[in-house]
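Hi,

Here is the structure I promised to pass on. Have a look at it first, then read my notes below.

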Amino acid sequence: MSPVPSRITVLSGGIGGARFLVGLLAHLRTANPDGKGGSASEVTVISNTGDDIWVHGVRVCPDLDTVMYTLGGGISAERGWGREDEHFTVKDELAAYGVEPSWFGLGDRDLATHLIRTQSLQSGFTLSEVTAALSDRWKPGVTLLPMSDDRAETHVVVMDPEQGRIAIHFQEWWIRHRAALKAEAFVMVGIDDAKPAPGVIEAIMDADLVILPPSNPVVSIGAILQVAGLADAIRTTKAPVVGVSPIISGAPVRGMADACLETIGVATSAAGVALHYGSRSAGGYLDAWLIADEDAASIAAISSADIRVAAVPLLMSDLETSAAIAAATLALAGS
Ligand code: GDP
Ligand code: CA
């Protein structure tokens, strides 16, 4: 058996990435214990910030917060985003004033995070610095880095019956329209000027293993890969790069990733996403790809693209299964 990697870097969106990370940390605690109840392996998370939005005067970073709350034990298990025991008094009061957006789920407890973040950003701290400060409270057990300190937000090109072709913020499309409005394209506004946050490129280049967890391939991982230098780092790092399929039996397990894949012309299947990422031997991003048992029939198609592949149960239903998925990811990396 190959040794457990000591430096692991994970590119993550929100809920899919966060649930995978919970399993990864649990697995590492037993596979590579530090003798103090933790793990001797260091995990760095590069978080998507393309979903970030200014709403009611506060800066919200949904994917950073989902990872931070999930690993820090503060997430709403039921919703998968925002805080547990949450109330929406402020949101209701804002709606009573008739101010928009009324569709954004701003919880009272969650709001405290956004207020601190906003205040710190406005005093001149970078998003990386703010994230580190917030992590002091949550102690996620990973080094949590935003992909960039610069603003670069995903927008969705849609056809509006009155205004014609317009670009709306990703959150408006995802939450307000439940991704039901036909998306013609995704555009990251600001991406041309977005530099990777401090430590991001190093985390990929100096890693022993890079993981693309089961996050949305288009608006989570796809957004991160658009930051200058990120894609090249994934292509050229000496570390193996292993991905975990977010698609099981032709469907995203949670959410509406199928609508995103359709827009970019990629099949909603384990093989479709693997071939979209592509093999590093052919200028793509993957050395290996972990798929669900249910999709074992696509093993041949994926391996013929020079991507190593293994099939395991991939539904992150409990900690045990998520830890087993992480163990299988590490095994596939070392095989
Ligand atoms: P978001 O930012 O909150 O949308 O979260 P991510 O981008 O990190 O992950 C969303 C993706 O996670 C969804 O598109 C699903 O395909 C995937 N996902 C959610 N639950 C599971 C699961 O139990 N197993 C697998 N394999 N994928 C999952
Ligand atoms: Ca997200």
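Which atom of ligand 1 does a polar side-chain atom of Arg 254 lie 2.5 Å from? A nitrogen atom of ligand 1. Before you go on, please keep in mind that this is a predicted model.

Let's stay with the ligand for a bit. Ser 215 also brings a polar side-chain atom to ligand 1, 2.6 Å from one of its oxygen atoms. On its own, ligand 1 has 590 Å² of accessible area, and the protein covers 93% of that. There are 20 residues around ligand 1, and the ones that come nearest are Ser 215, Ser 220, Pro 246, Arg 254 and Met 316.

Next, a pair of helices. Two packed helices are described by the angle and the distance between their axes. For helix H1 (residues 15-31) and helix H13 (residues 319-334), the axes come within 7 Å and cross at roughly 75 degrees. That angle makes H1 roughly perpendicular to H13. The residues that meet include Phe 20, Leu 24 and Leu 28 from H1, and Leu 319, Ile 325 and Leu 330 from H13. Sorted by class, this contact has eleven nonpolar residues, four polar ones and one charged one.

Most residues other than glycine have a negative phi, and most peptide bonds are trans. His 56 is not a glycine, yet its phi is positive, at about 50 degrees. You'll find His 56 in the loop between strand E3 (53-55) and strand E4 (58-60). The other one is the peptide bond from Glu 100 to Pro 101, which is cis, with omega near 0 degrees. Pro 101 sits in the loop between helix H3 (89-96) and helix H4 (108-122).

Cheers

How values were computed
Residues numbered from 1 in each chain as written. Chains lettered and ligands numbered in written order. Predicted model: local features only at pLDDT ≥ 70, side-chain atom pairs only at ≥ 80, totals over all residues. Heavy atoms only, no water. Axes fitted to C-alpha atoms, helices over the stretch in contact; angles between N-to-C directions. Helix = DSSP H or I, 4+ residues; strand = E, 2+ residues; numbered from the N terminus. Parallel < 35°, antiparallel > 145°, perpendicular 65-115°, else oblique. Contact = heavy atoms within 4.5 Å. Nonpolar A, V, L, I, M, F, W, Y, C, P; charged D, E, K, R; others polar. Near = heavy atom within 4 Å. Polar contact = N/O pair within 3.5 Å; in protein donor to acceptor, adjacent residues only side chain to side chain. Areas by Shrake-Rupley, 256 points an atom, 1.4 Å probe, with all protein chains shown as cover.
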